[in-house]
Amino acid sequence: MASHKGLISDVDLRSRENNSAHHTREIDQKRLIVRRGQPFSITLQCNGTLRPRHHLDLVLHLGKRDEVEIKVQKERGAGDKWWFNQQGAQDEMLLTLHSPADAIIGRYSLAVLLMSPDGRILEKKDKMSFHLLYNPWCKDDVVYLPDETQLQEYIMNEDGIIYMGTWEYIKSTHWNYGQFEDYVMDICFEVLNNSNDRFDPVYVSRIIAAMVNSNDDRGVLTGRWTEPYSDGVAPYQWTGSVPILRQWSKAGVRAVKYGQCWVFAAVACTVLRCLGIPTRLITNFSSAHDVDGNLSIDFLLDENLNFHFLDPTLKNSAMVLFSFGVFRCGPCPVTAIKEGNLGVKYDTPFVFAEVNADIIHWIVQRNGQRRKIRVDHATVGRNISTKSVYGDFRDDVTLHYKYPEGERSVREGGRRVTDVPSESSEPGRLQLSIKHAKPVFGTDFDVIIEVKNEGDQDAHVQLTMLAMAVTYSSLHRGTARAQQEVLRLRYDDYAQCVSDDHLIRVKAFVEAPGENEPLLTVTDIPLSRPEVFIQVPGKAFVCEQVKASISFTNPLPVPLKGGVFTLEGAGLLSSTKIHVSGDISPGQTVSIVVSFSPMRTGVRKLLVDFDSDRLKDVKGVTTVVESQEVQKYLPEITECY
């Protein structure tokens, strides 16, 4: 640090101006945060002018212990080096630094040196630092994205929508990515501590994919797909990435419990957007986790017609895969998936199977032989969904990942070994279908299984139905055009075994003498849930208190215990829990009022989750528009500190 008699009296990193030009003002306005491939300027306050033949040097250090030293050139190089130029005025010098478009991202230390003609250091101004991120606005950066609308969505938008459920019954849930919330950037670099190669976004993406789960390293989340979640947070309770990342960091990078596929993907999306890699979250319904490479998922029925299934399994979008010795997945080019170029890195065969595999149902006979009864070409990889860049609605991107059915045998290069013809292509006499209304969680409802006999001969029909792991069987005889079996599904029965997605899967299997092959049909029944209602009256201003009124009504025929509201919103408030005192009786409405002071301007989302012992994952969302008009005497202030 120079004394008062030295030339350099102060250094201004011009954080506010630089951050605004580099699209990082949302992250911080006090610290300097810039993007590679784009110049930024700092100002030196001087006691006089630079003497003849004296000159300035700039030195950068990078690494946990500043072990990497970079000397900044004084003239422009070939574009692959740091360089700077300087402009002088009375008692002030403006230094403009230029970084290469493939520079290493991370935290840099900066030192300004005053050098004598013989190369001695006369003064040194250090203890300054800045962060460098990827730059999707820079044409020379490999993460470049030319569409400004997409940049606003895939880099700048802190709010997202995740699509869940099934391809037939798609539901949405809002998510707070919060990539610009306080200290999130620092935590993202903590996640990258295992990486020594930070210039290549492909490599960094693989590190993030590995680090969002805790299987092999000091990763962020522990996965769990079944109850109990009592020693952590149930996956469906999370409404955003920020509490997860903060908890992981605060606990000394100890894994947070618990996550599932959409939570892993959402946290990865937060980290990648924060670092400057354009990212969106894609939902692939009924993803096929094909581990043996034959592009099929096998479901087995034993000789008593009980349902079983083998690994590989079917799930919604999942991003965790054992790849090159580590649990992670991708990145792989979307074009390679569509064209079936399975030799392209990374994990393309796995992702290809996720959207293209067939589902095959078999009967295992007493002698151990398998008899194929149904091949489903269409369920896997249907209605692949993501949030639109133009608003809070769904974009179907299926055709980005696969050709329409019927074209794949010509277009796809993947190997399919189980796609063999059935024993007979002649239509059978029996038709099987499952019908149901739109049930509400908490009510009893009927499911109707209908068998139609299209022939004119007697049919001795053995009908087997499975719902909630309970098998029902019945025998029909006769030539009636349609025969029905009604399943009464009662709340008391399904409440404890319904999936986290509030889906009930019903399967019906029918077999009759003389038929070419048995029939099987499968239906997922979604159970609708109530909503949390949110009101934010009046206008919202930065740094001024706002009140939100939140209410929920118990729709179940039983009391709810242990009710808790969780609130979160980027730029609004940190994750906050409010417990409900006492039980919530059937039909009772509980209301709370929450006060908070918005921290940043813009259009923000307030997310609320309600959970209890019998009813979980009840969501609510409202939009809050934050203005800075309250700062009439300080119109430049757009953020509270």
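In this predicted model, helix α3, residues 184-191, packs against helix α5, residues 242-250, at an angle of about 60°. The axes of α3 and α5 lie 10 Å apart. Angles from 65 to 115 degrees count as roughly perpendicular and those under 35 as roughly parallel, and α3 and α5 are therefore oblique to each other. The crossing of α3 past α5 is left-handed.

Which residues make this contact? On α3 they are V184, I187, E190 and V191. On α5 they are V242, L245, R246, W248 and S249. Sorted by class, the contact of α3 with α5 has 6 nonpolar residues, 1 polar residue and 2 charged residues.

Next come the nonpolar cores. The largest nonpolar core has 59 residues, and within this core I208 and L275 touch the most other members. Several elements give two or more residues to the core: α2 (148-156), β10 (159-165), α3, α4 (201-211), α5, β13 (256-259) and α6 (261-275). The largest share, 13 residues, comes from α6.

Leaving aside residues up to four places away in sequence, L275 touches I105, L133, Y134, C188, F189, L192 and V204.

How values were computed: Residues numbered from 1 in each chain as written. Predicted model: local features only at pLDDT ≥ 70, side-chain atom pairs only at ≥ 80, totals over all residues. Heavy atoms only, no water. Axes fitted to C-alpha atoms, helices over the stretch in contact; angles between N-to-C directions. Helix = DSSP H or I, 4+ residues; strand = E, 2+ residues; numbered from the N terminus. Parallel < 35°, antiparallel > 145°, perpendicular 65-115°, else oblique. Left-handed = near helix turned anticlockwise from the far one by under 90°. Contact = heavy atoms within 4.5 Å. Nonpolar A, V, L, I, M, F, W, Y, C, P; charged D, E, K, R; others polar. Core = buried A, V, L, I, M, F, W, Y, C linked by side-chain atoms within 4.5 Å. Buried < 20%, exposed > 50% of the residue type's maximum accessible area, 1.4 Å probe, protein only.
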